[in-house]
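Subject: Handing over a structure, with notes on what was found

Dear colleague,

I am passing a structure on to you, and my notes on it follow below. Please look through the sequence and the model before reading them.

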Amino acid sequence: AMEHKSEERIIAEQMKLAKYQLRRQEERNPPKATVAYVLPVFSCFAEDANDPYDDDTFHNAALMLKASIHRQSYKTPLSGSAYDYSMVAIFHPSAVKCGEGGQDRTGILRDLGYIVQIREEPVRLNDIKGDYLRSNAPMDNPDGTKELIRLHAYKLTDYSVVTLVDFTTLVLQPPDDMFNLIVDGGNNAPEYMSNPSIFIQDDSAKPTLPARVDIVYTRDYTTVTPTQFTTGLNLSFLPLRPSEDVFDELVSIYRRGDYSANKGWSNEGYGPFQGSMLTKGLLTYYYNGVHSNSHVELNRCTYANKADAPRLRIDDGSIQCRNKNEEDESCTDCRSVAFDDIVVADLSECNVPWTCQRNTVTLCESFTSVWFELRKEVEEAILSERPNRSLSYCSGEGGDYVPLLIPMQMKS
């Protein structure tokens, strides 16, 4: 009897919480804006160690990406976020169906509530005028220039903000501060956003946030090598202002192909690094070298934490910060940041959950735990009867990932 009452009490509390959330939803102001989260799908399986490796893990990774965004959005009143969201998937035609017997993956994502577009890369390889870029860009990524479909995000002009994401993105807190910079401008940002611990200024930056902000990014130092310290922006969480004109200009720059082997774009030092001949390098050059007065770089440990090692050993045997502007004694180590201070996690330097491999970095283990806990919440919310396997979603360490088998409907 006591156990029965306990179950009744739990159900009553859940109903009370649901009613409270509904009341909060009705009392709130309408959302400030709707953000389009854009997931580019340009490869089939096993192109990258962190990519989903079959249709089940593809479905689950896309579902969990949406779930983490949903939990930190206007649709979840307790999040406190002012921003609603839409999920948009942009597919390259070659990635719609993978392997014999593979499902139409556009259908998988449509059933999860994604808006789906199928787009070719906006610049054909043969149309690139620069010899070096035309010859070498296909080798800068396992999928070559197909990943340029990311640029089609700029054409989603029905949205105030578009945010590029990928399967390694895990949203831990509402990213409203980033979106507000684009929607409201730097002049209206709260004072703490100008703090040097948050707003990263380079030598050419003005001491204040720009009045108009077109892109908010963090820098990716994992591409630094012992001989090359140039870096680019992180594509795993990249809020930007959509614009047909910017799309056209980016396509024009890429088609011109003014990229050199030693100095990158326009011979100005925007490259070389992994991805510098593709979207990553193009956008880094565009917002720093072509239109340098409307970008904001934020602290990567807070707004796209990769749990990456801050140092590397260079050729003379000495240890150097990956960020060449830092001294070895003061290298910024994102692995030591308080978990509650992280807004967005980027799992690309960790073993992603569906590989079922243990992480040696404590922060990576924390990210993975949050992912599996969220998966449990999703499973309990969708299934009327759930197999009693708690968080045992891997058949042992290094074993197989046990997919979440649910009817593939998770509409917004």
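Let me begin with a loop, where Ser266 is found between β12 and α7; helices here are DSSP runs of H or I with at least four residues, strands are runs of E with at least two, and both are numbered from the N terminus. Please keep in mind that this is a predicted model, in which local features need pLDDT of at least 70 and side-chain atom pairs count only at pLDDT 80 or more, while totals for chains, interfaces and linings use all residues. Residues are numbered from 1 along each chain as its sequence is written, and side-chain values use heavy atoms, with hydrogens and water left out.

Ser266 has a positive phi of about 50° although it is not a glycine, and Asn267, which lies in the loop between β12 and α7, likewise has a positive phi, of about 60°, without being a glycine. Pro272 also has its place in this loop, which runs between β12 (264–265) and α7 (279–290), and the peptide bond that joins Gly271 to Pro272 is cis, with omega at about 0°.

As for the chain as a whole, it has nine helices and 16 strands. Of its 412 residues, 52% are buried, where buried means under 20% relative accessible area, exposed means over 50% and partly exposed lies in between, using a 1.4 Å probe and protein chains only. The accessible surface comes to about 19100 Å², and 46% of it belongs to carbon and sulfur atoms; such areas come from the Shrake-Rupley method with a 1.4 Å probe, and for residues only the protein chains shown count as cover. Among the contacts (heavy atoms within 4.5 Å) with a separation of 6 or more, 73% are between residues 24 or more positions apart.

The interior can be described through its nonpolar cores, each a set of buried Ala, Val, Leu, Ile, Met, Phe, Trp, Tyr and Cys residues joined through side-chain atoms within 4.5 Å. The largest nonpolar core holds 66 residues, of which Tyr37, Leu109, Tyr114, Leu298 and Phe367 touch the most other members. Leaving aside residues up to four places away in sequence, Leu109 touches Leu39, Phe58, Ala62, Ala89, Phe91, Tyr114 and Val116. Apart from this core lies another, of 40 residues, including Tyr154, Val162, Leu164 and Leu282.

Helix α9 (residues 362–382) has 21 residues and reaches 30 Å from its first C-alpha to its last, close to the 30 Å expected at 1.5 Å a residue, the expected span being 1.5 Å times one less than the number of residues. Its buried residues include Leu363, Phe367, Trp371 and Phe372, and what covers the buried residues of α9 includes α2 (55–71), β5 (169–171) and β16 (344–346). In helix α5 (residues 176–184), Asp176, Met178, Phe179, Leu181 and Ile182 are buried, and just after α5 Gly185 takes a positive phi of about 90°.

Which side chains meet in salt bridges? Side chains of opposite charge can pair when their charged atoms come close, and a salt bridge is counted where a side-chain nitrogen of Lys or Arg is within 4 Å of a carboxyl oxygen of Asp or Glu. By this rule the count comes to 14 salt bridges. One of them joins the side chains of Lys75 and Asp84 at 2.4 Å, N to O; Lys75 is partly exposed at 24% relative accessible area, whereas Asp84 is buried at 16%. Another is formed by Asp131 and Arg134, with the closest N and O atoms 2.5 Å apart, and these two residues both lie in helix α4 (residues 131–136), three residues apart, about one turn of the helix. Glu297 forms a salt bridge with Arg219, the closest N and O atoms being 3.6 Å apart. Because Glu297 lies in strand β13 (residues 295–298) and Arg219 in strand β8 (residues 219–220), the pair ties together parts that are 78 residues apart in sequence. Glu297 is buried at 8% relative accessible area, and Arg219 counts as buried at 13%.

With best regards
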